Amino acid sequence: MGELQKTIKNTVSYKGIGLHIGKEVRLTLEPASPNQGVVFIREDLPDSPKIKAQVNKVVSNTRGTVIGEGEVKVRTIEHILAALSGLGIDNINIKINGEEIPAADGSALPFVNLIQKAEVVEQPLPRNFFKVEKPLWIEEGDRRLIVLPDEKLRISYTVDFPRSPLKSQFAEFTITKETFVQEIAPSRTFGFMEEVKELRRKNLVQGGSLENAVIIDEKGVINKEGLRFPNEPVRHKILDLIGDLYLLGRPIKAHILAVKSGHLFNVK
């Protein structure tokens with residue numbers, strides 16, 4: 001029979017500020033039937049329109065992944081998708097009363113805790129894996145994304161910020177529920193001080209703060225608590241990639257090698 005599909009047992013809610021729009025949003029997770037997939041529901045709009053978490057619904061990926069249909073959008077979905085992927089949730093309804101998923105602490109851990117509070121339950125149908133049969137790759141300049149056949153999901157990631165104290169970082173993980181929860185989910189989104197002013201000018205990161213992002217200036221990390229892992233930034237890039245990959249609509253088995261990839265590249 002293999003691995004079974006999963007949903008949650010109980011309905012749970014979370015309130016928080018969206019990273020880019022900066023407004024408080026309430027997010028509610030509800031159980032869903034087998035084979036439904038992940039569906040976002042905009043409760044604040046007439047007739048509560050639904051958008052399925054699928055790659056062909058992506059309308060923007062500047063500083064986060066946005067899905068939409070017509071005028072209806074849901075922003076910054078990658079961290080909650082990563083949490084659902086990491087915990088193996090196939091079917092769920094995500095109701096929000098605004099356009100953007102709350103930033104929480106900038107990581108996927110608050111969403112992991114929320115899903116665990118709701119209790120994960122198995123459903124009577126097998127999971128449908130996306131299995132990579134032959135190597136695929138894309139490259140543009142110094143960015144690379146290579147996908148190789150594998151029996152599990154394994155991610156090897158390299159980032160390089162030559163002009164910042166971060167320099168290069170590399171991490172590799174076989175993604176299981178345990179490694180996701182312990183090693184990847186706690187890693188927070190990060191940004192550079194010089195970019196913050198520019199992003200604010202573009203009306204982005206209006207809700208960003210040291211509570212929900214790691215900020216790095218020319219000397220290093222300015223957050224009082226420092227980093228949660230010495231290579232937290234590259235782990236967060238892995239987290240983003242796991243979230244973006246879940247837009248396939250099903251779990252993937254492959255070895256993914258990413259060099260300086262980002263939301264745009266992940267979606268491609």
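Is Asp44 buried, partly exposed or exposed? With a relative accessible area of 35%, Asp44 comes out as partly exposed (buried means under 20% relative accessible area, exposed over 50%, and partly exposed in between, with a 1.4 Å probe and protein chains only). The model behind this value is predicted, so local features need pLDDT of at least 70 and side-chain atom pairs count only at pLDDT 80 or more, while totals for chains, interfaces and linings use all residues. Residues are numbered from 1 along each chain as its sequence is written, and side-chain values use heavy atoms, with hydrogens and water left out.

Asp44 has a charged partner. Its side chain meets that of Arg42 in a salt bridge, at 2.8 Å from N to O (a side-chain nitrogen of Lys or Arg within 4 Å of a carboxyl oxygen of Asp or Glu). Arg42 itself is buried, at 5% relative accessible area.

Now for the sheet. Five strands form an open sheet in the order 2-3-9-4-5, with mixed pairing. Strands here are DSSP runs of E with at least two residues, helices are runs of H or I with at least four, and both are numbered from the N terminus; two strands pair if DSSP finds at least two bridges between them. Strand 2 (12-17) and strand 5 (50-52) sit at the edges with a single partner strand each, so one side of each has no neighbour in the sheet. On average, neighbouring strands of this sheet are turned by 25 degrees against each other, direction ignored (axes are lines fitted to C-alpha atoms, for helices over the stretch in contact, and angles run from 0 to 180 degrees between N-to-C directions). Strand 2 and strand 3 (residues 24-31) pair in the antiparallel sense over 6 bridges, and Lys15 stands opposite Arg26 in strand 3.

Helix 1 (residues 78-86) packs on the sheet, touching strand 3, strand 4 (38-42) and strand 9 (92-96), where contact means heavy atoms within 4.5 Å. The direction of helix 1 makes about 145 degrees with that of strand 4. Helix 2 (residues 109-118) lies across strand 2 and strand 3, at about 165 degrees to strand 2.

Across the whole structure, a search finds 23 salt bridges. One of them joins the side chains of Arg228 and Asp105, at 3.0 Å from N to O. This pair links distant parts of the chain, 123 residues apart: Arg228 is in the loop between strand 18 (220-221) and helix 5 (232-245), and Asp105 in the loop between strand 9 and helix 2. Asp105 is buried at 16% relative accessibility, whereas Arg228 is partly exposed at 31%.
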